[in-house]
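Visitor: I'm new to this one. Could you walk me through how to read its helices and strands?

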Amino acid sequence: MDILTETALQMSAGSRKPLWQKRNMETIRRAASTFGSVGAQKPQEFYQGSSQAPEEYFGGFAVYYHAGLTGQDIMTVQGDHADAINYAQAEAAYLAGQLDAAESLKAEKSSISAENDNGSFTSEAPDDIIEKGVVRLKVKYIGPDYVALPTGTVCEVLSIEKGWYGVMTELDESYLFPPNVFELLEGSEADVPTRT
């Protein structure tokens, strides 16, 4: 049976979605699984399958999601796919990014170890360390060129774990790297939460 016949049979069966629409939704679902919990759900809810190519739609959604995640002003969003979605979709993507950023901040606050005045450690970081965006240790990556971390990338060390630097990569994921692949630009290791 060819795809046109299969699609026609599915459409005639009533409320079932055509095969191409199922495939598009699956493409979007798989791509959205790389987002946080809110961002992983919203792309499917706002997709208008009959009028949007899934790749263009998801590209636009990702641009606005990332802007919300990083705190960029929604009115300054630009990119190859920024115009591929409508205003309601852009707002939903941006808000999903903001909500996932807040969720991530909450999780980070509960997992960071910060030293108290008496020298003991606690599982909660002081609010001013995370929320005010204090630059603890800014470094420049001088190691081999990777997609996730190109040579020359400037980033902030989020934590030090067993002597390795935890940094956010270009893929919006935190990874550990040895300190010898970084050039220190600002701050010191003493300013960074340490995990053992």
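Guide: A helix here is a DSSP run of H or I with at least four residues, and helices are numbered from the N terminus. Keep in mind that this is a predicted model. Just past helix α4, G71 has a positive phi of about 85 degrees.

Visitor: How far apart are the end C-alpha atoms of α4, and why does that agree with what we expect?

Guide: The expected span is 1.5 Å times one less than the number of residues. Helix α4 covers residues 54-70, which is 17 residues, so it should span 24 Å, and its end C-alpha atoms do lie 24 Å apart.

Visitor: Which residues of α4 are buried?

Guide: Buried means under 20% relative accessible area. In α4 the list includes Y57, F58, F61, Y64 and Y65, and also the glycines G59, G60 and G68.

Visitor: Now the strands. Which sense does β4 take with β3, and which with β8?

Guide: Two strands pair if DSSP finds at least two bridges between them. β3 (residues 137-141) and β4 (residues 154-161) are antiparallel, with three bridges, and V139 sits opposite C155 of β4. With β8 (residues 194-195), β4 pairs in the parallel sense over two bridges; there, E161 stands opposite R195.

Visitor: And how many bridges join β4 and β5?

Guide: Four, in the antiparallel sense, with β5 taking residues 164-168.

Definitions and conventions:
Residues numbered from 1 in each chain as written. Predicted model: local features only at pLDDT ≥ 70, side-chain atom pairs only at ≥ 80, totals over all residues. Heavy atoms only, no water. Buried < 20%, exposed > 50% of the residue type's maximum accessible area, 1.4 Å probe, protein only.
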